Every structure is written in structure tokens, then in C-alpha cells.
Amino acid sequence: MHDPIQSKQSKAIALLSVLSLTGQAAAAAESKPNVVYIMCDDMGYGDLGCYGQKYISTPNIDSLASNGILFTQAYAGSPVSAPSRASLMTGQHSGHGHVRGNREYWPQSDTIMYGANADYSVVGQEPYDPGHIILTEYMKRHGYSTGMFGKWAGGYEGSVSTPDKRGVDEFFGYICQFQAHLYYPNFLNRYSKLQGDTAVVRVVLEDNIDHPMFGDEYRNRTQYSGDMIHRAALEWIDRQDSSTPFFGLLTYTLPHAELAQPADSITESYKKQFFEDKTWGGQEGSRYNPVEHTHAQFAAMITRLDAYVGEIVAKLKEKGLYDNTILVFTSDNGPHEEGGADPEFFGRDGKLRGLKRQCHEGGIRIPYIVSWPGVAKPGQVSDHQLAFYDVMPTMAELIGDSSFPEAYVNRSIPGDGFDGISFAPTLKGHTDMQRKHDFLYWEFHETDQIGLRTGDWKLVVKSGKPYLYNLSTDIHEDNDVAGDNPEIVRTMIGIIHREHRDNPLFPVTLPRL
């Protein structure tokens, strides 16, 4: 006989089971946070309002800082782009990683490089070692949907290391960072499974190539790469949902020179603000066009980037993904003075010595902001010392991968490994459990410099000669105290000799033991 009470109980139990399974599925999806990692280009430590910038408006990035953690002692992987990005991607410092400089591959003829109908037969940088896992591959291996938008700089077109071969589901931007010096280029690159690509392809910008790359006609180009790359990133985020965690690496090229962008309200407002502005007339052999209103152009580039960040946050909220997304904002290295840029005017180096290409603090200490709603307590300022090569172990801890790093070391590569320390405890508020670095390390062959930080001691080696600074009392690195501290110098030089592995492509002069 049918028992209505028992029937109702059975249905209730069945419903609870379904709800339980649904809840378990949702919990499983949310157990791995989404990550949107925004890395801009050549932004100095002091370029943002939250780091003390007085002239440039950055309300959206400042809001990220007020809603999360602002790091005061965060470091890029290198004082220039390609090796800095390589450090992020490989989890290795620049004494161990394969890519340690901006080694370029391109036709040497200016006619080939810059002509409106140019045949760019090979463009790009030295490839990442295909035997060593990189960040996008790692995240893909752990179930993440992966997208990258902006600069690749991890291998030239057709090489063993392009986004389609390194764990990236969708890419749009510049394969070649040299091409990325121009905001109105002849072409961009794309790899999209959604559009049926089987490899990286070129997207020719027809409206741009109708006008010469240099001279007054250049201003008639209309396809602005910054907006195009940003729109592609937003469209990719719009296709994500809570069923699959996603990792977005947004490597925007702003505010790198050239100082060129749309003449819209952002740019015009700064022209009014800096009515006594500078003009840069260009120079022989420069890759940049002359520019007027250099201060206005530079400030507008950062505010434009800030608007992009605001739109990313808005899109995540619209999709209901914001609460389970870690948002990171940083820069690939310190500020530049190319193409008319004037870091001295803006006080952009945050009172740090040095610019891009230098291992002084100004070349490598960068803004670093992390927002993680519900986890990272808002309004924090952290002095934890971190470097780009810490990101991969941090991701490993956040997704619960206890096999890192041992399971990912390539035994066929002599000395292969990882140099980072997870800063997940700091993100979660467990600062008492946070391990600290014994040292941080950089080397850069173009200027023949090596940098090493141990605690508050900073050693900068220039062409083999060591200079020692105490950052606790001399943040600007003005006073070389090497002569007064021979034992400290000797110990730090010993670390350099231990950490450096020779790389014939990127030689540096080691200090004498």
C-alpha cells in the first residue's frame, strides 16, 4: 500500500542528496580560486596613488589595494621585460633560468622591420626551455582554463615555446616584445581554440598598415593595441563560469613607451592639467615617433590602464566570479626614460635609486597588490619580501598540490628546480607561518650587473665590482659600505658564486671570491 508519509520522506532524502551533490560540486569548484594576474609594463614603484603618486589618477587600482594587501618589498624577476617574465613563468631566479635577457630574433633590415607591408619573417625572443614546466602549463595541468593577453616574450614565432605549446588555451597580443614598443602595430598574434586555431596566427591590422609607421601619418592609424588586447581579455573572462577555475595572465603593455594613445577624454584631461608640458622630438635611430605633451601622454597611459582594471573587476562581479577570484596587479620591472618619458618629473621611482636595466632598487622593486575577497583582509600593508619566482609555489599551495616542487623538476636538465617560497600564508593572514627568503637574487648581462639582497643588506655588483648598501638606513643606495663590512661582502659574494650557473647567451662578470 502506498504510504504518502514515507513517499514524502523518500523525496526529501532524494532532494537532500541532490542538493548535497550540487553543494559538493560547487565547493569543489570553489576550492580552487580563480586567478587574474595583471602585469603591466615598466611601471615604477611610485606610479600609483596608493604608492604615493600625486599627479596621476588611479582609483581602481587604489581600490584593489584598499580591499586587499599592498606589498612594499616586492621584486620583479629582472630589471627588463623578457627575463622578468621568464622568472614569473618558470619559478626561477635569473641566475638559474634559461632566459636572462632580451635576446631578440628579427630581420636586421630597417626596411623589413618597419615597412608598412613588411615581411616579418621571424619575430620574438629567446624561447623558454621546453623541458622546464612554466606557470601556464602548471595551472592547465591542475584543471584551470588559461588565457593570456598582452606580451608573450617567451619564444619567437614558430619556436619550441609559443603560447599554443605552453599550456595557454587562448592568447591575443604580441608574441614579440620588440613589436610591442608600438601601440599601433602592423599586426598582432592570436591563438584561440574557440576560433579553431591549431597554432599561433597573425592578425593583420589593415587600418593601420594603410599609413606609414613613422612620421605624421602614423597618427592616422586607428587600431590601438591596448584597447584591442583589453577587449579580448574581457571577452575571455565573459566566457568563464564557476564550473571550471580559470587563470588569466593579462600582460598589458602600458605604460611602456611609445607615448601614443587615442586622443580621447583621458588624454585631453591631462593635457589641461599639464599645460606647461614637454615635447620630445625623437632621435636618430629611435623606434619611437616624436611626441608632444609627454607628461600628459604618460599620465593618461596609467589612468587608461587603471580604467582597464576597473572594467575587469566589474566584469568579474557581473559574472558572479569576483568573490572567488584572486586579483594581482604588478609591473614587470622599474620605470623607463625612453621615447620622451620623464620619470624624474613624476617622482616615479618612489625615492628609489635607478631605473629599468639596473639592479638598484628602482629597477627591480615594483608595485604589488593582491585582492582576494573574503580571504585577504582589506587594507593591509605588508613588508614581506617576495619575488616573481614565488608565484608558482604560491599557486601550488593555494590549490593544494603537495607534490610541488619535487614532481615537476626535470631530471634531464642539470640543476633544474625552483627558487621561490610560497607567500600564501601572508595572503591568508597567517603571517606567523610565513617563511622568509634567505636571499633574493638578480643578474642582468646588458649592464653587467648582479643584485643580491639578504635581509636589509643589498649587494650590487657592476662589472665584477661589489657595492654594499644597508637598505634599513639607506633606501636610496647612496652610501657604499663594502669597505666597512668585508665579512658581509665575502658571505654575499659566496652566495652569488653558489647561485650563478653559467649561461653563454647571457654572460655576467662575477665578483672575485
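Helices (DSSP H or I, at least four residues) and strands (E, at least two) are DSSP runs numbered from the N terminus. This model is predicted: local features need pLDDT of at least 70, side-chain atom pairs count only at pLDDT 80 or more, and totals for chains, interfaces and linings use all residues. Residues are numbered from 1 along each chain as its sequence is written, and side-chain values use heavy atoms, with hydrogens and water left out.

**Stop 1: helix α3**

Select residues 81-90. This is α3, and 10 of its 10 residues are buried, so the helix is largely enclosed by the rest of the structure. Buried means under 20% relative accessible area, exposed means over 50%, and partly exposed lies in between (1.4 Å probe, protein chains only). Among the buried residues are R85, L88 and M89.

Now show what surrounds the helix. Its buried residues pack against β1 (34-40), β5 (124-125), α5 (135-141), β6 (145-151), β10 (246-251) and α12 (391-398). Contact here means heavy atoms within 4.5 Å. Step off the end of α3 to G91, where phi is positive, near 75 degrees.

**Stop 2: the nonpolar cores**

Select I38, Y252, I312, L316, L327 and F329. These have the most contacts inside the largest nonpolar core, which has 63 residues. At least two core residues come from each of β1, α2 (59-66), β7 (170-174), α7 (225-238), β10, α8 (265-273), α9 (294-318) and β13 (325-331). The most come from α9, with 12 residues. A nonpolar core is a set of buried Ala, Val, Leu, Ile, Met, Phe, Trp, Tyr and Cys residues joined through side-chain atoms within 4.5 Å.

Centre on L327. Neighbours within four places in sequence aside, L327 is in contact with V36, I38, L64, I312, V313, L316, Y322, I369, V370 and S371. A second, separate core has 50 residues, including V35, A76, L135 and Y368.

**Stop 3: pocket and cavities**

Select R219, L259, A260, Q261 and Q297. Of the 20 residues that line the largest pocket, these lie nearest its centre. The pocket holds about 430 Å³ of space. Its lining has nine nonpolar, six polar and five charged residues. Ala, Val, Leu, Ile, Met, Phe, Trp, Tyr, Cys and Pro count as nonpolar; Asp, Glu, Lys and Arg as charged; the others, Gly among them, as polar.

On a 1 Å grid over the protein atoms alone, a pocket is an open set of points with protein on both sides within 12 Å along at least five of seven lines, a cavity is a set where a 1.4 Å probe fits but cannot get out, and lining residues have an atom within 4 Å of a point. Points are joined across faces, edges and corners, and a volume is the space filled by probe spheres set on them.

How many cavities of 30 Å³ or more does a search of the whole structure find? There are three. The largest share, three residues, comes from α12. About 50 Å³ of space lies inside. The lining has nine nonpolar residues, one polar and no charged.

**Stop 4**

Select I364, in helix α11 (residues 361-364). I364 is buried, at 0% relative accessibility. Y75 is 289 residues away in sequence, yet the two C-alpha atoms are 5.5 Å apart.

Move to L254, in the loop between β10 and α8. L254 is also buried, with a relative accessible area of 1%. Beyond four places in sequence, L254 touches residues including C40, Y183, M301 and Y308.

**Stop 5: cysteines**

Colour the sulfurs. The structure holds zero disulfides (cysteine sulfur pairs within 2.5 Å).

**Stop 6**

Most residues other than glycine have a negative phi, and most peptide bonds are trans.

- A257 to E258: a cis peptide bond, omega about 20 degrees.
- F404 to P405: cis, omega near 5 degrees.
- H293: positive phi of about 55 degrees, in the loop between β12 (291-292) and α9.
- E477: positive phi, near 55 degrees, in a residue that is buried at 0%.
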